[in-house]
Amino acid sequence: MANPKSLLTLTSLFSLFLLTLSSKLTLPLSPFPNHPSSDPLQALSFHASASISRAHHIKNSRKPNSSLTEVPLFPHSYGDYSVSLNFGTPPQTSSFIMDTGSSLVWFPCTKRYICSRCQFPNINPAKIPTFKPKLSSSSKIVGCQNPKCGWIFGPEVKSKCPNCNNPSPQNCSQACPTYIIQYGSGTTAGILLSETLNFPKKIVPDFLIGCSFLSIRQPAGIAGFGRGPQSLPAQMGLSKFSYCLVSHNFDDTPQSSDLVLYSSSSGSSSSSEEEPTITESQRNKTKLQSLSSTPFQKNPGPPNSAFREYYYIMLRKVIVGNKNVKIPYKFLVPGADSSGGTIVDSGSTFTFMEKPVFELVAKEFEAQMANYTRAKDLENKTGLRPCFDISKEKKVDFPELVFQFKGGAKMELPLKNYFSLVSSSGIVCLAIVTDGVVGPGGNGGPAIILGNYQQQNFLVEYDLQHERFGFRKQSCK
């Protein structure tokens, strides 16, 4: 998740740039390129480091008839999944990382857009496609008096708009302040626009979107799917959305799967009467089964807390090889200080567990796989653990990994969703990360973050109308 923050070292640059300035919808999702190296070891190390950075940011953040929209999602070695959206009049196409851990939607904007430290595969930082507001007749700068400005800055936004505090504030023409948003591995800054979001059979006018003119390690825009009012689901009034993430084996290829958006309308029927969230090709490959589901949990913190944007679910048990790992309750349920609990985050690659939780899980894998040779050198290089050298083994028995949620729903992970083959050398590592923080909740925030690596080849559904998280195994090709 991301929040506006004051970064004084960037303020002068931002000020300088400011002066120069209802039917079926399906979007393809694709994995984003991750590390500027084809070396599997370097890529794995990058994923681990990026997942930990993402976790640090999330934990320390401060703040029924339905119609379908299907959009392709594409996987990238970047560790994320991207979607293309059309904004403006006439429409301009921009690429966005689909992120359930933040809420603002923003794109690289204007011909003066700069992305620092954006050396990624197949990306030339000087040629990143940008949105051109001057070419759109529907593009408008959001003013301080616009209630949507408060979506980003909260009720205190009036203190940031001194020119609107006169006796006739309704005549104020001051623009909403510059936003500065920090993510796990990067930052972006810009101004807020009101624009038109275009789908083949649906148009969403007056959509709040960020026009970023300066970013760090953000070569594409972000489509925030979090729980904030500025998110894409909230602004479109979605009753639910679902996605099926193809394997990261297809990173940086044309292979994609669908992000499905369900638009709410009056007289809505129950979800059981809605069309299943699968494409015809998936229907032919997979026998239709009902989703396992668990309720979303109440978000911790005050109303304007950043933690309010996350999708909390109640993880009851972590089962390794039929053995229930005894995780202390304080890590499974958010406390009064907002520490603890589990969230789902499509913007994280590997699942994150706070150190006390991770140690219990890792040690159980180590105990059940004690007969195999540990690859300690690789553990030191990647930060992942445990790693095993299985190059000389004829047969390997891997313990199963199961996440069991409130209500009994079990996410039984395929082996490739929790053990990663590092290279042709025959070394595998547990694809779960941690950091050195040992306290319950560390500096606050969720203790467990379910990343997209563990969601590969699952149909995942966020039922916003009925406040439920659903999933089932399914080939996403």
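**Rings, charges and a buried threonine**

Colleague: Which residues do ring pairs link into a cluster?
Modeller: Bear in mind that this is a predicted model, where local features need pLDDT of at least 70, side-chain atom pairs count only at pLDDT 80 or more, and totals for chains, interfaces and linings use all residues. Numbering runs from 1 along each chain as its sequence is written, and side-chain values use heavy atoms, without hydrogens or water. Rings of Phe, Tyr and Trp (its six-membered ring) pair if their centres lie within 6.5 Å, and planes under 30 degrees apart count as stacked, over 60 as edge-to-face and the rest as tilted. The cluster takes in Phe225, Phe241, Tyr243, Phe296, Tyr311, Phe405, Phe458, Tyr462, Phe469 and Phe471.

Colleague: How many aromatic pairs does the structure hold?
Modeller: A pair is described by the distance of the ring centres and the angle of the planes. Going through the rings here, the count is 25.

Colleague: Take phenylalanine 96 and phenylalanine 107: what is the angle between the planes?
Modeller: Their centres are 6.4 Å apart. The pair counts as tilted, with the planes at 45 degrees.

Colleague: And how far apart are those two in the chain?
Modeller: Phenylalanine 96 is in strand S5 (residues 92–99) and phenylalanine 107 in strand S6 (residues 105–108); strands here are DSSP E runs of at least two residues, numbered from the N terminus. The pair links distant parts of the chain, and the separation is 11 residues.

Colleague: Is phenylalanine 107 buried or exposed?
Modeller: Buried means under 20% relative accessible area, exposed over 50%, partly exposed in between (1.4 Å probe, protein chains only). Phenylalanine 107 has 0% relative accessibility, so the answer is buried.

Colleague: Which ring does the charged end of arginine 227 sit over?
Modeller: The test is CZ of Arg or NZ of Lys within 6 Å of the ring centre and within 35 degrees of the ring normal. For arginine 227 the distance to the centre is 5.0 Å, and the ring belongs to phenylalanine 296.

Colleague: Which residue in S14 is the bridge partner of serine 242?
Modeller: Strand S13 (residues 238–244) pairs with S14 in the antiparallel sense over five bridges, where pairing takes at least two DSSP bridges. S14 (residues 257–263) is largely enclosed by the rest of the structure, because seven of its seven residues are buried. Within S14, serine 242 bridges to valine 260.

Colleague: How far is the backbone nitrogen of glycine 451 from a polar side-chain atom of threonine 351?
Modeller: Threonine 351 belongs to strand S20 (residues 351–353). With 0% relative accessibility, threonine 351 is buried. The distance from the glycine 451 nitrogen is 3.1 Å.

Conventions. Helices (H or I, at least four residues) and strands (E, at least two) are DSSP runs, numbered from the N terminus. A polar contact is a pair of N or O atoms within 3.5 Å; within protein, one must be able to donate a hydrogen and the other to accept it, and residues adjacent in sequence count only if both atoms are side-chain atoms.
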